[in-house]
Every structure is written in structure tokens, then in C-alpha cells.
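Please look over the sequence and the structure shown below before reading the report that accompanies them.

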Amino acid sequence: MPEETTTQTHAGVAGRLVDLLVQVYGEAPPVTLTAWDGSRVEPEVGDRAIEAHIESRRTVRRLVWSPGQTGIARAYIAGELTVEGDLETAVRLMRDYVEHASAKRALEAADRREVLRLTVQLGAVGPAPRGPNEPVDAVTGYLDVPAQLRDELPPELADAVLGDTQRGGDARTEVVYTDPEPLSATIARWEGDGLVVDAVREVVAEERERLARIGGRLVAHWDAVVEAVGAQHARMWRLSLVLVRDNLERRTIRAYEIAGTSAP
């Protein structure tokens, strides 16, 4: 059994949430948890420098209705859960925690009663919050963020964030992921468009580095991006870049660069 990060009873909203997680899963989150009432709980195991802040009762309600990675991601995109510190480290730690905790044991009737009791006590009872209206790929780490940036941002801002230039002439390159579309389907799409595939190579490490650079430039141009597409959409892009990088590191997806030219 993994070592518990805390055995004591904590005060405030953050403390009560941590105590519930320890009771249900046997371990506390590996990041510092803070809440709207000013309460704060630091982990004994994990990264104390990373703070996940529960903004309101609505955050609790969303996580009750949608526990796990999807609920956490949607709460972040909606602005109901904020993160101070390195976002990539926070995502990696929390994904490991959620996967490990949920795999260790299923919720029993007594656990569900405790969840409901705390939800009532915190005043978080209610229907599942709506939105954010972002694609499922955005919260699971399979979204082609660079393509969206190119399509949805003003051209000059897209160039600044992407930091690359499009090739001219008949040459074409494209980085594709093996999920949700298999590599063979992408090659068939190219051939259907009248393109000749000259080379295919795996670029997992290179793609992780490229996405990290794009993420850095996205943050550097944050105000302009938010003005162009809104804060929620910008947060979705930032989180998706991190999730795709993490999926590439975990080898749940692979990245390939396809190079080719127009058919003669």
C-alpha cells in the first residue's frame, strides 16, 4: 500500500477535501491544495510548490459529478480550478495520483455517502455544471493544438506563438499523432489529396520539445491570445499542450512527421 501523505485531520474546506480523499483512497493529493475560504494543506509526499486552488463550491460540484482527469481538466479550463507553479509537473503528478487512486479501489456505498455528506456540508449540491464547450480531445491530450492556433489566431499572432514558417512551393510536411487517426489513414488522406509521401519518421522527442516551445510562447503572448479567443479557450490550449506532451512521454500516442510533394 502506498505511503499516505497525511494522517491528521485538517481544518477548512481544503482540509476536509484532503481528509475525504485520504479516507476514500488512502492517500492525499501530491500537491498543495487551497480553497476559497483561505484554507491550505501541503502534502508530505509530492511537490509543495505547486498549488491547486479550489475557486468555489461550483468546483467541488463539478468534481463530484465528474471525478478524475476529465473533471479536473474541465474545471481548469473553466477557471474554477487554478494552478500556481509548473503546470506540466502538476498535470503529471495529478494524472499519476488519479490513475493510482482510482485503480486501487472502487467507491463503495459508504464512500459515496461520505462524498454526499461533505458536498451537502460545503453547500455544493446541485446539477452538473455546464461547459466548458471544448472538444473531448482537449481534456484527454489528443488535440492538434498547433493546427488550431494556426486556424483560429490572427496570422501575425499565430506566427509569433508557433514560431515557425510554412514551407512554400510544392513541398509539404505535417506532424500527426497516431490517435485518434492511425498513421495509415493519414497517408491515405495525403494520397487522396494528390500528394506523394516521400518520407515518414517518428518524432516523439522532437514533438515534445516543439510543443514545449509553443507553450512558452503562448504564455509570453497570453494577453493577446486571450483578447483574440477568450480566456477559457486560451486555457484549453495551454492545458492541451501539456497533456499531449505527457501522452507522448507515456507513449499512449506517437508522433510522426510526414514529408512529401504534390503529385506531378
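## Overall layout

The structure is a predicted model, and what is said here should be read with that in mind. The chain contains twelve helices and seven strands, and its C-alpha atoms occupy a box of roughly 70 × 40 × 35 Å when the box is taken along the principal axes. Of the 264 residues in the chain, 41% count as buried.

## The largest pocket

The largest pocket has a volume of about 1,200 Å³. Its lining is made up of 48 residues, and those closest to the pocket centre are Leu 21, Leu 63, Pro 67, Gly 68 and Ile 72. Helix α4, which spans residues 87-104, supplies the largest share of this lining, with nine residues.

Sorted by class, the lining of the largest pocket has 38 nonpolar residues, together with five polar and five charged ones.

## An enclosed cavity

When the whole structure is searched for cavities of 30 Å³ or more, one is found, and the space in the largest cavity comes to about 30 Å³. The residues that line the largest cavity are Val 18, Ala 28, Pro 29, Val 31, Val 41, Glu 42 and Pro 43.

Glu 27 is placed in the loop between helix α1 (12-25) and strand β1 (31-35). Is this residue, Glu 27, buried or exposed? Glu 27 counts as buried because its relative accessible area is 9%, which falls under the 20% cut-off for that class. The side chain of Glu 27 is joined to the side chain of His 100 by a polar contact of 3.1 Å.

Arg 172 lies over the face of Trp 190, at a distance of 4.7 Å from the ring centre.

Arg 238 and Glu 84 are separated by 154 residues in sequence, while their C-alpha atoms are 14 Å apart in space.

Arg 251 sits in the loop between helix α12 and strand β7 (255-262). The backbone at Arg 251 deserves a separate remark: its phi is near 65 degrees, which is a positive value in a residue other than glycine.

## A cis peptide bond

Which form does the peptide bond from Gly 131 to Pro 132 take? This bond, from Gly 131 to Pro 132, is cis, with an omega near -5 degrees. Pro 132 is found in the loop that runs between helix α5 (109-121) and helix α6 (136-140).

Note on methods
Residues are numbered from 1 along each chain as its sequence is written. This is a predicted model: local features need pLDDT of at least 70, side-chain atom pairs count only at pLDDT 80 or more; totals for chains, interfaces and linings use all residues. Side-chain values use heavy atoms; hydrogens and water are left out. A charge sits over a ring if NZ of Lys or CZ of Arg is within 6 Å of the ring centre and within 35 degrees of the ring normal. Helices (H or I, at least four residues) and strands (E, at least two) are DSSP runs, numbered from the N terminus. Buried means under 20% relative accessible area, exposed over 50%, partly exposed in between (1.4 Å probe, protein chains only). A polar contact is a pair of N or O atoms within 3.5 Å; within protein, one must be able to donate a hydrogen and the other to accept it, and residues adjacent in sequence count only if both atoms are side-chain atoms. On a 1 Å grid over the protein atoms alone, a cavity is a set of points where a 1.4 Å probe fits but cannot get out, and a pocket is an open set with protein on both sides within 12 Å along at least five of seven lines; lining residues have an atom within 4 Å of a point. Grid points are joined across faces, edges and corners, and a volume is the space filled by probe spheres set on the points. Ala, Val, Leu, Ile, Met, Phe, Trp, Tyr, Cys and Pro count as nonpolar, Asp, Glu, Lys and Arg as charged, and the others, Gly among them, as polar.
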